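Student: I have a model open and would like to learn how to read it. Could you walk me through a few features?

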Amino acid sequence: MSRSKTIVDDNRHSALMHSIDLPTCQTRGDVIYAARNTIFRLVDDGQPLAVKYFAKPGILKRIIYTFLRKSKARRSFENSQRLLQLGIGTPQPVGYREVYRGGLIAESFYVCRHIDNCRDLRWWEDGDDSDVTLPLLAQLMARMHRAGVLHRDFSPGNIVYDQNHNFYLLDVNRMRFDVGSPAQLLGNFRCINDSETETCRLARLYAPLSPFADTLGVETIVDAAVGAHRRYVASRRRRRTLKRWLHALKRRHKAAQLVGGEQPTIVPTADGTSTICLKPSGRLYHPMDGAVTSMRQIFTEPIEAILTESSAEGLTIVEIGFGAGVNAWNVALTAKRNVEYHAYETSPLPHSITVPFNLATGTQHHCRRTLEFINDAPWGLRMVITPHFTLLKHRGNYLDASAKLPKKADVVLFDPFGPDSQPEMWTADALAPIVRIMTPGAMLIVRHSTPEIVDAMESAGLKVKATVQPHPDEYNSADSAFGTYAASIAIAQPLIAIKQ
């Protein structure tokens, strides 16, 4: 038997609050964050709302949250109210709902206003407004500390600001009030930025404003902030090393790590980034002359041209063969117009491969983090990766009767393994479902060029715009990604077909 408790702070959303559950969030909203908990963005009564779903905890925590502690949703709600009373920004709370089963709390939901068009503080050094942002952030921290507010997860992803540089604190269920300890409050500097230099820069702006400036002095405050950061970095390095060991053990000992019966391993490519090799067949996910560089030239640059030339508000892109998410990642990083991206994959890579692959790919922190978001996105749920890029990953074959193709496609990235490995994918019948949803003038891109593929495309109703014939004499089986037909294709000229 189940029961629920609902507290509403805004009666305009009372009906939603009393009926909200996970299916409602999944059907009405988009996922904007998915990990241990899930955050959905949905619109109710014309207002954008953020719904944080706290998944069912273990039995011990269910007992604790039922009898000994407030639920995370309730703490989020009450802490938000208190922050606003103190004049510290956080999204306006709407309410919370707790669902009980068998007398114990099973799941809970916290609802607040969604702040659209905002940025977080990740890698502020890459932005063009850090000279404005950092002094304001220092003022916010000083105001929090004078009020005795300790945000126990004061990380850059939990601090956002709008176009007017108004700051909002997120993930506020882990907070303490009336804290007076300088050591605890200065611990907020521990993970505010990956760079010690940037952390020190912020600490020097904060120190003269700090409530401890007169008693401790500026240099002592800066040293304490940098020391907290160093201890955190060392601890994080130990945790990551342990994770890598655990993932290596899983890859070595668990058959579940196989992809299509083969073992995936990470190998370097010529541009310094990585690809994935399936053993024993030796099939590679990307060309060896540069995984990220070549895939960008093949797939992303034609899309950029469309985004530049098209007058449409956005594009719908369909990718067949999600792989390691590199194509989706390239588009997400470059999209300046709204892109809805549908990706289909029959054999998803295991998490133990995508995690080290993410760390091996790219050089900038925000680039690697975006790839992690893409690979960690849940299958079957729409997720907002960036303000201009929404991803929906489909697990399975797009040819299956149960598969759901979008109503239209402006661009199709057709990227399964080559004809030698998957000949059934390179026929007119296999292309037909894709061609049906392509809009007039829509573009289909592949990285293979053989007469058989060209014939299949033309039979499916496409007009081949550019082809590059392979040169078998340049073929090297050790370095080829997909065999003789793909080894020597000129990267700058993929095969492109247009729907007339």
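Tutor: Gladly, beginning with strands: helices (H or I, at least four residues) and strands (E, at least two) are DSSP runs, numbered from the N terminus, and two strands pair if DSSP finds at least two bridges between them. This is a predicted model, where local features need pLDDT of at least 70, side-chain atom pairs count only at pLDDT 80 or more, and totals for chains, interfaces and linings use all residues. Residues are numbered from 1 along each chain as its sequence is written, and side-chain values use heavy atoms, leaving out hydrogens and water.

Student: In the hairpin of E5 and E6, which residue takes a positive phi?

Tutor: Gly-102, with phi near 65°; two residues lie between the strands. E5 and strand E6 (residues 104–113) are antiparallel, with eight bridges, and Pro-93 has Cys-112 in E6 as its bridge partner.

Student: Which strand do seven bridges join to E5?

Tutor: Strand E1 (residues 2–8), also running antiparallel to E5. There, Thr-6 is opposite Arg-97.

Student: How many residues of strand E5 are buried?

Tutor: Buried means under 20% relative accessible area, exposed over 50%, and partly exposed in between (1.4 Å probe, protein chains only). In E5 (residues 93–101), eight of nine residues are buried.

Student: Where does the charged end of Arg-283 sit?

Tutor: A charge sits over a ring if NZ of Lys or CZ of Arg is within 6 Å of the ring centre and within 35 degrees of the ring normal. For Arg-283, that ring belongs to Phe-417, whose centre is 4.4 Å away. Likewise, Lys-393 has its charged end over the ring of Trp-379, 4.5 Å from the centre.
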